[in-house]
Amino acid sequence: MFELLKKLCLADATSGDETAVRDIIISEIDGFCDWKIDNCGNILVEKKGKKRSVKRLMLDAHTDEVGLIISGVTAEGCLKFKTVGGIDTAVMAGRRVRINGKLPGVIGIKPIHLLKGDDAKKLPKEDALYIDIGAADKDDALKYVSLGDRAVILGEWIENEEKILSKALDDRVGCAVLIKLLREASEYDFCASFSWGEEVGLRGAKTAAFALNPQSAIVLEGTTAADIASVSGAERVCELSKGVVVSFMDRSTVYDREYYNRALSSGLLCQTKTAVSGGNDSGAIHLCREGVRTIALSAPCRYIHSASSVVDKRDITAMYDMAKYMINGICSGEIK
């Protein structure tokens, strides 16, 4: 699963331009389930199991990652951009980028010795940043880019026995776990979506859920871990190596209480998300049609939405184990 995760993370797929990751997913699941691509670019899946499920269950993982979109070109040939999803400017200045999966560049900023007063002490605003691709001027830059082109902030893939550092772990972790579940034999039928646009709140999962019409849903995600120096108590949100994260509430969803309780009492490696913050595809899925009972299972991720996010392999394995436990419990009717 971790070799697959590497392949997924190193592909570029900002919101609305998920083709590279979608192609990898299709190549991995083809022949193991029935799938199609809808009008929005979601992959909709039907997985046949050994038995029919007592409830129609949907699993979801989103394919997009945060990134940049080119919004203008200066006379000097520098590219202006807008962020696609939530990226702190503190993690951008001086970082290398890749545009359209091939063109290199670097995010530039006015040198600190030219900044005056309080400006030298503040984090840069997005409009103070630009991408330098080495162009001579505007006309030269436009030979290589167009407005609306996408870029990602580059990050290496580094792993050891326990940890992985990479870009796009949110939510390629969820995609890798879902692919593994689809490639292996299942006790019960279930459906799934690899959805687009989660990072910009457009929620491809909304149209996916409408099409799949589930009664229950499991959302596989990445979530913020703040288990770092000088942070303590509930502000740590969750911690690496303590298992899959189970949420009781965030800014878009109040999660199904029975599903939440059963996950925590499963005996599997898991933890509670201690902050009521953020949101994910659950916010769209649980309100679809007549309502969908929903649980979110997340991998704790340090430095999320940066090019150097960090996860623990044991937490990813715990996400897989919990997803399988919940699938079998919901589909058999053992979890009411």
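Let's start with leucine 129, which touches Lys80, Phe81, Thr89, Met92, Ala93, Ile107, Gly108, Ile109 and Pro124, leaving out residues up to four places away in sequence; contact here means heavy atoms within 4.5 Å. This is a predicted model, where local features need pLDDT of at least 70, side-chain atom pairs count only at pLDDT 80 or more, and totals for chains, interfaces and linings use all residues. Residues are numbered from 1 along each chain as its sequence is written, and side-chain values use heavy atoms, with hydrogens and water left out.

Leucine 129 sits in the loop between strand 7 (103-108) and strand 8 (130-132). Helices (H or I, at least four residues) and strands (E, at least two) are DSSP runs, numbered from the N terminus. With 1% relative accessibility, leucine 129 counts as buried, a label for anything under 20% relative accessible area, with exposed over 50% and partly exposed in between (1.4 Å probe, protein chains only). Cysteine 78 is 51 residues away from leucine 129 in sequence, but the C-alpha to C-alpha distance is 9.6 Å.

On to the cores. A nonpolar core is a set of buried Ala, Val, Leu, Ile, Met, Phe, Trp, Tyr and Cys residues joined through side-chain atoms within 4.5 Å. The largest one has 57 residues, and Leu59, Phe194 and Ile218 have the most contacts inside it. Helix 8 (residues 313-332) gives the most to this core, ten residues. Setting aside neighbours within four places in sequence, leucine 59 is in contact with residues including Leu178, Phe190, Ile218 and Ile327. There's also a second, separate core of 21 residues, with Ile99, Ala135, Val145 and Ile153 among them.

Now the strands, which pair if DSSP finds at least two bridges between them. Eight of the nine residues of strand 16 (residues 293-301) are buried, so strand 16 is largely enclosed by the rest of the structure. Strand 13 runs parallel to strand 16, joined by nine bridges, and serine 216 stands opposite arginine 293. Strand 14 (residues 244-246) pairs with strand 16 in the antiparallel sense over two bridges; there, valine 246 stands opposite leucine 297.

Elsewhere, an open sheet of three strands has the order 10-11-17, with antiparallel pairing. Strand 10 (158-159) and strand 17 (309-312) are at the edges with a single partner strand each, so one side of each has no neighbour in the sheet. Strand 10 meets strand 11 (residues 163-166) over two bridges, and glutamate 159 has isoleucine 164 as its bridge partner.

On a 1 Å grid over the protein atoms alone, a cavity is a set of points where a 1.4 Å probe fits but cannot get out, while a pocket is an open set with protein on both sides within 12 Å along at least five of seven lines; lining residues have an atom within 4 Å of a point. The count comes to one cavity of 30 Å³ or more.

| Space | Volume | Lining by class |
|---|---|---|
| Largest cavity | about 130 Å³ | seven nonpolar, four polar, three charged residues |
| Second largest pocket | about 280 Å³ | three nonpolar, eleven polar, six charged residues |

Of the 14 residues lining the largest cavity, Val66, Lys167, Ala168, His305 and Ser306 are the closest to its centre. For the second largest pocket, the lining has 20 residues, and those closest to the centre are Gly222, Thr223, Lys273, Gly278 and Gly279. Strand 13 (residues 216-224) supplies the largest share of that pocket's lining, four residues.

Notes. Grid points are joined across faces, edges and corners, and a volume is the space filled by probe spheres set on the points. Ala, Val, Leu, Ile, Met, Phe, Trp, Tyr, Cys and Pro count as nonpolar, Asp, Glu, Lys and Arg as charged, and the others, Gly among them, as polar.
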